[in-house]
Structure formats: C-alpha cells, structure tokens
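Hi everyone, thanks for making time. I'd like to walk you through one protein model today, so please have a look at the screen.

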Amino acid sequence: MTTEEYRPLLEPAAVIDSEEEQYFNKVCNRNLYLATFVAVLGPLSFGFVLGYSSPAIPELEANSDPYLNLDSTQASWFASLVTLGAAVGGIIGGWIVDKIGRKLSLMMCAVPYVSGFTMIIGAQNIWMLYGGRVLTGLASGVTSLVVPVYISETAHPKVRGMLGSCVQLMVVIGIMGAYVGGMVLTWYWLAVLSSLPPTIMVVLMCFMPETPRYLLSKNKRAEALQVLAWLRGPEVDYEWECRQIEASCDEQDTKFALSELKNPSIYKPFLIGIFLMLFQQLSGINAVMFYAETIFDQANFENSSEGSVIVGVVQVVFTAVAALIMDKAGRKLLLALSAFIMSISAAVFGVYFRIWQANINNSSLHKTDILTVQNSVSEATTAPTWLPLVCLVIFIAGFALGCGPIPWLVMSEIFPVRARGLASGACVLANWSTAFLVTKEFHDLVENITQYGTFWLFSSLCFMNVLFTVFFVPETKGKTLEQIEAHFKATA
Ligand code: BGC
C-alpha cells in the first residue's frame with residue numbers, strides 16, 4: 001500500500017485522535033484503579049509462589065522428618081516444578097480466557113493456588129510437596145496470562161502502561177513478601193501466609209466486572225455499556241468508546257483459525273510476543289537470582305537471606321520506577337535501555353569471573369563447579385567482592401526497568417481480540433518452559449562453558465534483545481488496542 005492509499009485510513013484516525021484525547025481526559029479512573037488493584041492480587045500470589053522456595057528449601061533440607069526431608073536434587077525439583085506447572089498453565093489459560101472470560105478465569109486460579117498451598121501445608125511426603133508446587137505453578141501460569149489481558153482490556157491508553165506494569169510490580173512485591181515472611185515464619189506458616197492473597201482476590205473479584213472487550217466479542221452490548229459506565233465514570237460519553245471497540249469486534253466476527261497464522265497481521269505480533277518472552281528468560285534473570293546468595297556470601301554478608309531481601313527491594317523499587325514512567329518514556333525505549341544495561345552488567349560479571357578463573361588456574365585450582373570456584377576464590381585472590389555485588393544490583397535493576405514488565409504488557413496489547421487467548425497462551429508457554437530450561441540447565445552450562453562463558457552468553461543474548469527491540473518491537477504507548485491492531489493490519 002502507498003501513503004496515498006493509506007490516507008482514508010489516516011484521516012479519520014486523526015479526527016478520532018483529538019476526540020479520543022478529550023474523551024480520555026475526562027474519564028474518572030477511580031473504579032478502573034480499584035479493578036486493577038483486585039486483579040493484581042493474582043500476580044501478588046504468583047510472586048509468593050516464586051519466592052516461596054528460597055526460604056523454604058534450606059528448612060526442608062534440614063528437616064528432621066525423614067518423609068519431608070529434601071536432598072539437593074529434590075530441592076532443585078521443588079524449586080523448578082513451578083515453572084513446568086506454569087508452562088501447562090499457559091496452555092490452559094489460553095483456552096479458558098476465551099471460553100469462560102477474563103474475570104472467571106482469574107477467579108478460577110484461586111482453586112489451584114489454595115489447593116496447592118494446602119497440599120504443601122498438609123504434606124505427608126515429598127510427592128505432596130511436589131504436587132503443591134505443580135498446582136501453585138499452574139495457577140501462576142494462568143494468572144500470568146489472564147491478568148495482563150484483563151488490565152489491558154479495562155484500561156485506556158493514558159494509563160495502560162502504568163497499570164499493566166503493576167502486574168510485574170506485584171510479582172516482585174510477592175517475591176519480596178515471601179523472602180521477608182521466610183525470615184520470621186517456618187515453611188509451614190509461610191505456605192499459610194501465601195494462600196491469603198488468592199483467597200482475598202477471589203472474594204473481591206466477585207464484585208469486579210468482566211472486560212468490555214470480552215463482552216462485546218460475545219455480543220453482550222448492554223452489559224459492556226454498563227461496565228464502561230462503571231469504569232469511566234458518568235462524565236464521559238462511554239457510548240463513543242463502546243462504538244470504537246465494537247467496530248473492531250465487528251471485523252472479527254469469524255472464529256480464529258490456525259491457518260490465519262500465515263497472515264502477517266497475525267504472525268508478526270505473534271512472533272514479537274514469543275521473542276520478547278524468550279529474550280526475557282534467556283537473559284538469565286532467574287539463574288542470576290538463584291546465584292545471588294553465593295554472591296552475597298562472597299561479599300561477606302552474614303546472612304544470605306538479607307541478600308535475598310536486597311535483591312527483592314531493588315526489584316520492587318525499579319519496577320515501580322518503570323511503572324511510573326512507562327506511559328511517558330514508552331515501551332520501546334525502556335525495553336532497549338533495560339536490555340542494554342543487562343548486557344553490559346552481565347559482560348562485566350563475565351570479565352570478573354574470567355579474571356578470577358585465571359587467578360585460580362594460576363594457583364592450580366582446576367575446579368569447574370561454580371560454588372567450589374566461588375569458595376576457592378577468596379583464598380586464591382584478593383578480587384574485589386563489591387564488583388559482583390554492583391553488577392548484580394545493576395543487572396536486576398535493568399531487568400526491572402523493562403525486560404521484566406514489558407513483555408507481559410506488550411503481550412496483552414498486540415494481539416487482535418479473537419486471537420488473544422491462543423497467542424498469549426503460546427507466549428506464556430514459551431516463557432515458562434524457557435525459564436525451566438535455563439534454571440535446570442544453568443549448572444551444566446557452567447560446567448561446559450565455564451561461568452564467564454555463561455555470563456557472556458547471557459550478555460550477548462541481552463544485546464540481541466536490544467537489536468530485536470529497536471528493529472521489530474512497535475511503540476504501543478498512547479494507542480488504543482484497536483489502533484495497535486490497525487497498525488499491524490496496515491503494515492501487513
Ligand atoms: C519473569 C519471571 C521472574 C520474575 C521476577 C517475571 O517477569 O517472568 O521469570 O522470576 O519476573 O523477576
């Protein structure tokens with residue numbers, strides 16, 4: 001298509017733009033914030049699930065009950081089964097989110113969350129502990145799909161970035177909550193505490209609405225109007241917004257067929273979503289977080305759980321900063337900057353390990369096991385312990401600024417409504433299965449290509465993410481979901 005051919009598309013959009021500006025300037029956001037707050041209790045629960053294993057594992061490893069005592073292999077399964085459960089949750093979530101709706105899918109998550117934690121609380125053997133981790137992981141997978149979709153479909157362009165980033169903010173608050181809770185509670189009581197957020201979520205969610213876009217896609221116009229009236233307040237002509245959404249739903253009357261994946265307006269956003277998820281996990285974030293304890297040990301922290309809390313605080317602070325600036329700075333800039341910061345800090349990490357390794361080799365300590373190398377280092381060298389600490393903090397802050405929140409946000413923005421469930425399900429599956437692979441294979445990778453090789457690999461993958469973002473990720477800041485969809489149609 002030439003620019004001339006585009007003109008009829010562009011001109012009405014320009015008119016709508018100013019109309020839209022006036023409309024969204026007048027909306028009252030109070031109820032929207034309330035609905036978002038209730039929905040993000042889901043990600044808070046999923047943060048608790050992710051953070052739970054860190055304080056629980058040392059206790060379970062030292063447990064005097066022989067039926068509930070974990071060795072190191074069992075402990076690593078206890079930690080990583082969550083990611084497998086979540087990958088399956090992505091498939092289930094992608095299906096139910098279109099079948100039973102966004103609201104009900106979110107409420108359903110409470111069942112595996114609470115039953116999973118109950119299974120851990122009442123565990124008689126290791127299999128029940130594993131079962132609890134798979135169930136809570138499954139719930140996390142569904143939540144990580146449904147909540148971004150719920151928020152993006154209820155929010156409007158002026159605040160969608162900020163509200164969408166609250167998903168990740170609540171995940172990291174949940175992780176930190178589990179770390180802090182783990183300092184004062186046993187693994188048993190921590191599981192009781194962790195089951196509170198999903199319980200509160202399911203009760204409050206009863207009073208929250210379904211999304212207007214979902215209702216319109218099911219031809220429930222009257223209900224959609226009521227929801228829009230509630231979400232936007234009485235000051236605005238919500239009929240206008242309803243018509244805008246309807247126009248794009250009308251075009252999508254037919255059911256989504258897999259053969260449409262050949263269509264660039266479908267496969268382009270689909271590939272962008274999948275690659276953003278792959279790059280998020282291939283940055284090594286989960287491996288680095290797991291590694292944090294060793295680094296804090298080296299930096300002479302008396303209590304490594306204090307180190308975990310520091311990691312938690314850094315994540316919360318920088319994710320909050322990202323949420324506040326998301327609608328001003330835009331997704332693309334923040335994501336590229338974030339991946340660049342991660343790439344540099346991972347590279348410096350690698351240099352640090354390289355120097356250490358050389359020193360160790362010179363001292364004829366040919367050891368490949370990562371923990372042993374770390375422990376031998378302090379004997380063999382006087383390398384600065386603050387350097388990996390600074391790298392770690394910068395790496396995690398970099399992640400929190402973009403690579404953490406943005407893939408989830410963009411996933412909820414770029415798919416057409418009728419492909420949203422399926423495409424988001426594929427993204428969630430890609431994310432969690434890669435998380436599983438990276439955390440499970442991290443030790444093997446270190447054995448095969450050494451720790452500096454591993455960090456340089458993470459660094460290059462982060463750099464590839466910078467290039468990918470610059471060349472392929474569209475800016476969605478300030479656009480309605482319908483305009484984003486039109487963008488992909490126009491560039492098809
Ligand atoms: C990622 C998780 C990660 C979490 C905490 C999420 O966005 O998907 O893999 O553990 O952030 O940083």
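This is a predicted model: local features need pLDDT of at least 70, side-chain atom pairs count only at pLDDT 80 or more; totals for chains, interfaces and linings use all residues.

Let's start with Asn219, which is exposed, with a relative accessible area of 67%. You'll find Asn219 in the loop that runs between α10 (212–217) and α11 (221–232). What is phi doing at Asn219? Phi there is positive, about 60 degrees, even though Asn219 is not a glycine.

Thr450 is placed in a helix, α20 (residues 420–472).

Okay, zooming out for a second. The protein has 492 residues, and 55% of them count as buried. Its secondary structure comes to 21 helices and 0 strands. If you take the contacts with a separation of 6 or more, 83% of them are between residues 24 or more positions apart. And the surface? The protein exposes about 20200 Å², with carbon and sulfur atoms supplying 66% of that.

Now a helix I'd like you to find: α19, residues 405–414. How many of its residues are buried? It's 10 of the 10, so α19 is largely enclosed by the rest of the structure. The buried residues of α19 include Pro405, Trp408, Ser412 and Glu413. Keep Trp408 in mind, please.

While we're on buried residues, look at Arg102. Arg102 belongs to helix α5 (residues 102–121), and its relative accessible area is 1%, so Arg102 counts as buried. What does its side chain touch? There's a polar contact, at 2.8 Å, with the side chain of Glu153. Setting aside neighbours within four places in sequence, the contacts of Arg102 include Val97, Tyr150, Glu210, Tyr214 and Arg420.

A word on cysteines. The structure holds 0 disulfides. Cys242 is buried, with a relative accessible area of 0%. Cys166 sits at 19% relative accessibility, and since buried means under 20%, Cys166 counts as buried too.

Last stop, the ligand. Which residues are around it? Among them are Leu50, Gln168, Gln280, Asn286, Phe399 and Asn431, and here's Trp408 again, the one from α19. The shell divides into 5 nonpolar residues, 7 polar ones and no charged ones. Three helices each supply at least two residues of the shell: α7 (160–184), α13 (264–282) and α14 (285–298).

Gln168 has a polar side-chain atom 2.7 Å from an oxygen atom of the ligand. For Gln280, a polar side-chain atom lies 2.9 Å from a ligand oxygen. Asn286 also places a polar side-chain atom 2.7 Å from an oxygen atom of the ligand. How much of the ligand does the protein bury? On its own, the ligand exposes 310 Å², and the protein buries 99% of that.

Methods:
Residues are numbered from 1 along each chain as its sequence is written. Side-chain values use heavy atoms; hydrogens and water are left out. A residue is near a molecule or strand if one of its heavy atoms lies within 4 Å of it. A polar contact is a pair of N or O atoms within 3.5 Å; within protein, one must be able to donate a hydrogen and the other to accept it, and residues adjacent in sequence count only if both atoms are side-chain atoms. Accessible areas come from the Shrake-Rupley method with a 1.4 Å probe; for residues, only the protein chains shown count as cover. Helices (H or I, at least four residues) and strands (E, at least two) are DSSP runs, numbered from the N terminus. Ala, Val, Leu, Ile, Met, Phe, Trp, Tyr, Cys and Pro count as nonpolar, Asp, Glu, Lys and Arg as charged, and the others, Gly among them, as polar. A disulfide is a pair of cysteine sulfur atoms within 2.5 Å. Buried means under 20% relative accessible area, exposed over 50%, partly exposed in between (1.4 Å probe, protein chains only). Contact means heavy atoms within 4.5 Å.
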